[in-house]
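Subject: Structure for your review

Dear colleague,

Please find below the structure that I am handing over to you. My notes on it follow directly after.

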Amino acid sequence: MTVVEFKPKAPKDPHVSGGCVCLGCRHEWVGVWPVGVVTFECPACGLSKGVAKGLCYPGEGELIRECDCGNEFFLIRPQGHMCAACGRYQSYS
């Protein structure tokens with residue numbers, strides 16, 4: 001597992017730490033970042049698709065929806081569930 005640290009501007013600036021996951025390549029790491037930062041550069045693929053793993057991230061062994069491209073993160077839109085990686089819309093058929 002990779003550990004990536006972002007240096008705060010001043011020693012007393014508030015920061016957050018925790019698990020991160022890349023929405024592009026699904027690499028996981030532990031990071032430390034300033035409050036307000038919501039996306040990170042993935043240390044594995046270099047894309048700015050890293051996000052903090054939130055409380056809604058499924059636990060190991062739980063069933064989750066997965067796109068044909070292998071991505072498991074979706075944007076909920078009025079037209080349906082759009083894959084965050086490839087942009088394809090998903091249906092329940």
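Which residues does C20 touch, not counting residues up to four places away in sequence? The residues are H27, E28, W29, G31, W33, F40, V51, A52 and K53, where contact means heavy atoms within 4.5 Å.

Before I go on, some conventions are needed. This is a predicted model, in which local features need pLDDT of at least 70 and side-chain atom pairs count only at pLDDT 80 or more, while totals for chains, interfaces and linings use all residues. Residues are numbered from 1 along each chain as its sequence is written, and side-chain values use heavy atoms, with hydrogens and water left out.

Overall composition

The protein chain contains seven strands and zero helices, and from the N terminus on its elements run β-β-β-β-β-β-β. Helices (H or I, at least four residues) and strands (E, at least two) are DSSP runs, numbered from the N terminus. Of the 93 residues in the protein chain, 23% count as buried. Here buried means under 20% relative accessible area, exposed means over 50%, and partly exposed lies in between, for a 1.4 Å probe and protein chains only. Among contacts in the protein chain between residues at least 6 apart in sequence, 33% join residues at least 24 apart.

C20 is found in strand β2. The residue counts as buried because its relative accessibility is 0%. C20 and V32 are twelve residues apart in sequence, and their C-alpha atoms are 9.5 Å apart in space.

C20 also belongs to the largest nonpolar core, which has six residues in all: C20, C22, W29, W33, F40 and C42. A nonpolar core is a set of buried Ala, Val, Leu, Ile, Met, Phe, Trp, Tyr and Cys residues joined through side-chain atoms within 4.5 Å. The elements that give two or more residues to this core are β2 (15-22) and β3 (28-34).

A search of the whole structure finds one aromatic pair. W33 and F40 form this pair, which is tilted, with 4.8 Å centre to centre and 55 degrees between the planes.

Salt bridges

Side chains of opposite charge can pair when their charged atoms come close. The structure holds two salt bridges, each defined as a side-chain nitrogen of Lys or Arg within 4 Å of a carboxyl oxygen of Asp or Glu.

One of them joins the side chains of E66 and R26, at 3.9 Å from N to O. This pair links distant parts of the chain, 40 residues apart: E66 is in the loop between β4 (50-52) and β5, and R26 is in the loop between β2 and β3. E66 is partly exposed, with a relative accessible area of 45%, and R26 is partly exposed at 37% relative accessibility. R26 also has a positive phi of about 70 degrees, although it is not a glycine.

E28 forms a salt bridge with K53, and their closest N and O atoms are 3.0 Å apart. This pair, too, links distant parts of the chain: E28 lies in strand β3 and K53 in the loop between β4 and β5, 25 residues apart. E28 is partly exposed, with a relative accessible area of 32%; K53 is partly exposed, with a relative accessible area of 32%.

The sheet of β5, β6 and β7

An open sheet of three strands has the order β5-β6-β7, with antiparallel pairing. Two strands pair if DSSP finds at least two bridges between them. The edge strands are β5 and β7 (89-90), each of which pairs on one side only.

Strand β5 (residues 74-77) and strand β6 (residues 80-83) pair in the antiparallel sense over four bridges. A hairpin joins β5 to β6 through two residues, and I76 stands opposite H81 in β6.

R65 lies over the face of F74, at 6.0 Å from the ring centre. A charge sits over a ring if NZ of Lys or CZ of Arg is within 6 Å of the ring centre and within 35 degrees of the ring normal.

Yours sincerely

Key. Phe/Tyr/Trp six-rings, centres within 6.5 Å; stacked < 30°, edge-to-face > 60°.
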